[in-house]
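Open the model in your viewer and keep the selection panel at hand. This tour moves from the whole chain to single residues.

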Amino acid sequence: MSKKVAVIIVSHNGRHHLPDCLASVFNSDYPKENLKVIVIDNNSADSAVGYLKEVYPEVKIVENKKNHGFAEANNQGFFLAKKWGADYLLLLNQDAIMEKNCLPRLVKLIESDETIAAVQPKILLYPEKDKINSLGNSIHFLGFAYCNYYKEKDQQGITQPFETPYSSGAACLLRVSAIDEVGFFDDRLFMYHEDVDLGWRLRLAGYKSMLNPLAVIYHKYNYRKAKYKFYYMERNRWIVMLQNYRLATLLIFSPALLVMELGIILFSLKNGWFKEKIKGCLWILSRWPSIMSHRLNVRFKTRKIKDRQILALFTGSIRFQEIDN
């Protein structure tokens, strides 16, 4: 008997993306009776909600009165999926397109091992379908995260599943029972690094995140530098490290963290987002009790393995074409 899969799509002004995305979901080879699509609309100013109600009445729609961000919106979808009795969640960006056999292949891999909590497909760019968006992801030991092989030619010779530090929130299958154990996204992050944090916590709890290169999704991805992105990425990088690393690990890394901070400050001054960097630091200081509370929760409720086991999957370099090292 097929497992029940809830597809969660967060929509924000995505009317032009939704037709391709939803058509690929409903054309999937997965049994329709065990598939439920949930769209969380973050106060779109376009006609996305009206389009969904007219063309896809079977889709469950949540209409938020404001933009709650990627993390909190997915959390809303998670609770609805649990209420429906889902075994797995498929997180899917509104600008993603699935191949017909993608979902069955993701489910087959996650069903093969109960310690697998997350499975990511190979994510290719669209319309440049021969180029990679993400073939696995990396976490730098100082908290940075990035897609592997970004914009490189599709590596079709890689056919065997392999373990990754975390699965991309753009497209991944998650085990509901594992999310129940460790918690879903930290909605304080709003956007960026929420998938890094979740993958980190799943690994701390003894679960694995895998990539299945035979399951393919196409992503209309366009990296754009913006001040607000640097604010969230820098702020959230520190939040995730402070909550998930042991104190001893943070102390060992403190010289490298200090040098990197000086470099980031110079980089922010050069590129005009120094105010965003300071704003992120002040946010962390103002929420320090909350961050420490989350840290204690990870330490006493989630953690089953040591940092050295986590770090075995981390990297010491940043290889992402859009960022100058």
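Helices (H or I, at least four residues) and strands (E, at least two) are DSSP runs, numbered from the N terminus. This is a predicted model: local features need pLDDT of at least 70, side-chain atom pairs count only at pLDDT 80 or more, and totals for chains, interfaces and linings use all residues. Residues are numbered from 1 along each chain as its sequence is written, and side-chain values use heavy atoms, with hydrogens and water left out.

**Whole chain**

The chain has eleven helices and twelve strands. Its radius of gyration, taken over C-alpha atoms, is 19 Å, close to the 20 Å of the globule rule (2.2 Å times the number of residues to the power 0.38), so the chain is as compact as a globular protein of 325 residues. The C-alpha trace spans about 55 × 40 × 40 Å along its principal axes. Buried means under 20% relative accessible area, exposed over 50%, partly exposed in between (1.4 Å probe, protein chains only). By that scale, 54% of the 325 residues are buried. Contact means heavy atoms within 4.5 Å. Among contacts with a separation of 6 or more, 78% join residues 24 or more positions apart.

**Helix H8**

Select 247-271, which is helix H8. Where does H8 kink? At serine 254, by about 55 degrees, shortly before proline 255. The bend is the angle between axes fitted to the seven residues ending at a residue and the seven starting there. Now colour the buried residues of H8: Thr249, Leu250, Phe253, Leu257, Glu261, Ile264 and Ser268. Their cover includes helix H7 (227-244), H9, helix H10 (288-302) and helix H11 (307-311). Step past the end of H8 to glycine 272, where phi is positive, near 85 degrees.

**Nonpolar patch**

Switch to a surface. Leu266, Leu269, Phe274, Ile278, Leu282 and Leu285 make a nonpolar patch of about 590 Å². Helix H8 and helix H9 (274-286) each give two or more residues to the patch. H9 supplies the largest share, four residues. Patches take residues with over 30% relative accessible area and no salt bridge; like charges are joined within 9 Å, nonpolar side chains (Val, Leu, Ile, Met, Phe, Trp, Tyr) within 5 Å. Pick leucine 266 in H8. Leucine 266 is exposed, at 58% relative accessibility.

**Salt bridges**

A salt bridge is a side-chain nitrogen of Lys or Arg within 4 Å of a carboxyl oxygen of Asp or Glu. The whole structure holds 17. Select aspartate 20 and lysine 220, whose closest N and O atoms are 2.9 Å apart. Aspartate 20 sits in helix H1 (residues 18-26) and lysine 220 in the loop between E12 and H7, so to speak 200 residues away. Aspartate 20 is partly exposed, at 34% relative accessibility.

Next, select aspartate 197 and arginine 201. Their closest N and O atoms are 3.0 Å apart. Both lie in helix H6 (residues 194-204), four residues apart, about one turn of the helix. Buried or exposed, what is aspartate 197? Aspartate 197 is buried, at 1% relative accessibility. Arginine 201 is buried too, at 7%.

**Last stop**

Select valine 182 in helix H5 (residues 176-182). Valine 182 is buried, at 8% relative accessible area. Beyond its neighbours within four places in sequence, valine 182 is in contact with Leu198, Arg201, Leu202, Ala205 and Thr302.

Terms used: Areas by Shrake-Rupley, 256 points an atom, 1.4 Å probe, with all protein chains shown as cover.
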